Structures are given as C-alpha cells and as structure tokens.
Amino acid sequence: MQRMKNQRRKDTPKNPEEVKKTRREQEKETNLDSWVPRTSTGKAVKAREITDIDFILDQGQSILEPEITDTLLQVETDLLLIGQSRGKFGGGQRRVFRQTQKKTREGNKPKFATMAVVGDKNGHVGVGIGKAKETVPAREKAMRQAKLNIVKIRRGCGGWQCNCKEPHTIPFEVSGKCGSVEITLIPAPKGKGLCIHSECAKVLEMAGIKDVWSKTRGQTKNRVNLLFACEKALKQLSQVKVLSRLEQEMQITEGKAKAKNKVESKEEAKVEAAKKEENGTKTE
Ligand SMILES: [Zn+2]
C-alpha cells in the first residue's frame, strides 16, 4: 500500500479537481481488480461473459453485489437531501443526513439516515437508503443499496404537443404511491425541463429523462416517501405492455437509447475498451 501511495503522489497533477478525479478512478479500479465475486452472476461478470447489464435485468436475475453495477455501467452517484438542520420556526437548511435520536437511560443515541441515487443518465437508475450510527457507514450503505436496486427505465416521446421521435420524456402517464404521498409523472414536450420537486428531478436526471410534468398529493414534505413514490412510478413504466406499432411511433426505448445501426459498433467499442484495460493492467 505504501508503494501505491508514493506512486500516486508522484503522478498527481497540480489541478486539485483533477487530483480528486484520478484518485477516485484509481481507487475504483483497484477495488474492482481486488473484487472476489461470490454469486454466479458476479463470477460471470468478472470473467467478462456478461458485458451488458440489460441481460441480467431481462432475465430477472437479482444483483447481489454492487461491483456488478460498477463494472457494467459508467454510473454517477448523488446524495439526496432528506434531512434538515435545526432551525427556529422549522426554517432549518436541508441536509443529506436525516438525524434521529433514541432516548435511553445513558442519554440520547443519535442515528443517521441518507438516500443515494445512482444512474448512467441513459435509462438506468437506482435509489437506496442507508441508516447507521455514524454518517460515513450510512452513506456507504445507501450507495450499495442504490447499486443493487438498479432498474431499466422506459423512455419515449409521449407528449401530444411534440412529435420529435426522440426518447427525451416518458412514453405515457404513470403514478406511484408510498405512504400518503402519491406522485404522477406526465409526458412533456421537448425543451420543457423537469417540472417536479428538486429531489425527484435528481432521480429523473440520473435516469436520462429530460422533460416531465408532475402532480403530487399527500404529505410531500416527507421526502423519503416522496422519493420512493417517484421510484415506484418509474418502475411502473416497464410494467405496462405496449403495442409494437406504438413502440415505433413514440420511439419507446428501454434502457440505453441506441440507434439500431449503432448497436454493433457500441459493443465493438466496449470489447476494445475491455482489451485496453487488460493490457493496461498487464503493463502496470
Ligand atoms: Zn418529443
């Protein structure tokens, strides 16, 4: 480990942002290299027998290791503001961690909860919640859970107002419910943007949806329920049967948006990238 640290110090460029990125990438790569898969799906992914996450999701196999998502998708992660700092008159600033306390004989025992969203901004998204006595493990649990919960999202051009035939919004109206919170997502024309609660917008952005109208009902100040309702609505998109005629008309795509001609070239590029990675690890 000490050798690795020294190498990193030598290699680090001057720009602090670049330093952070490269360090993160390096850590990710080392984590994936040292990953020992336990499930049969994980072993197939590690051996590069499965190169597409859609294959796993289509077969209904469960993802039990977060590294599967890391290897198959270029995911970005974000934390959702579900907590609130203390403030007079309920005016506290929104925070990533929701802090709760249990009253005990010894005193107050605080606990932290947080929600994470992961996605490739191209039809895959996952939401997860994590709770722990400290902030860092809570975040890690949330990240892990989000990666395991990843699902395919159906996109299309379902608005009456536009007929652009690009998958920029959702193909039809869907709704989801969690507790008293009910959310309805409505297809919007191109260029409208995400007309929705800011935290739900983060989830939709990660899924690759650019335009949407929405309607909510119930205690929407409970953000955990609001976000779970939003996730359920997104899952609803894939559970509806669509006629193949309409599928072409509205350009409904599940998962990655891809033109039919480009499919092969993309897969080829992936294989090439995999080869490059292998070579890179060998030279190191
Ligand atoms: Zn459109």
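A nonpolar core is a set of buried Ala, Val, Leu, Ile, Met, Phe, Trp, Tyr and Cys residues joined through C-beta atoms within 7 Å. The exercises below apply this term to a predicted model.

**Exercise 1.** Describe the protein chain in general terms: how many helices and strands are there, and what share of the residues counts as buried?

*Solution.* Step 1: the protein chain holds ten helices and twelve strands. Step 2: it has 284 residues, of which 31% count as buried. Step 3: among contacts with a separation of 6 or more, 60% come from residues 24 or more positions apart.

**Exercise 2.** Determine which residues have the most contacts inside the largest nonpolar core, and which element gives the most to this core.

*Solution.* Step 1: the largest nonpolar core has 48 residues, and Val117, Val203, Leu227 and Cys230 have the most contacts inside it. Step 2: two or more residues are given to this core by each of the helices H5 (66-72), H6 (135-148), H7 (198-207) and H8 (223-238), and by each of the strands S5 (108-119), S6 (124-132) and S10 (181-187). Step 3: H8 gives the most, with eight residues. Step 4: take Val203 and set aside its neighbours within four places in sequence; Val203 is then in contact with Val117, Val125, Val127, Leu227, Cys230 and Glu231.

**Exercise 3.** Decide whether H7 and H8 are roughly parallel or roughly antiparallel to each other, and list the residues that meet between them.

*Solution.* Step 1: two packed helices are described by the angle between their axes and the distance between the axes. Step 2: for H7 and H8 the angle is about 30° and the axes are 9 Å apart. Step 3: angles under 35 degrees count as roughly parallel, and H7 and H8 are therefore roughly parallel to each other. Step 4: their crossing is right-handed. Step 5: from H7, Glu199, Cys200, Val203 and Ala207 meet Arg223, Leu226, Leu227, Cys230, Glu231 and Leu234 of H8. Step 6: sorted by class, this contact has seven nonpolar, no polar and three charged residues.

Definitions and conventions
Residues are numbered from 1 along each chain as its sequence is written. This is a predicted model: local features need pLDDT of at least 70, side-chain atom pairs count only at pLDDT 80 or more; totals for chains, interfaces and linings use all residues. A residue is buried if 20 or more other C-beta atoms lie within 10 Å of its own, exposed if 12 or fewer, and partly exposed in between; C-beta atoms are placed from the backbone. Helices (H or I, at least four residues) and strands (E, at least two) are DSSP runs, numbered from the N terminus. Two residues are in contact if their C-beta atoms, placed from the backbone, lie within 7 Å. Axes are lines fitted to C-alpha atoms, for helices over the stretch in contact, and angles run from 0 to 180 degrees between N-to-C directions. Angles under 35 degrees count as roughly parallel, over 145 as roughly antiparallel, 65 to 115 as roughly perpendicular and the rest as oblique. A crossing is left-handed if the near helix is turned anticlockwise from the far one by less than a right angle, and right-handed if clockwise. Ala, Val, Leu, Ile, Met, Phe, Trp, Tyr, Cys and Pro count as nonpolar, Asp, Glu, Lys and Arg as charged, and the others, Gly among them, as polar.
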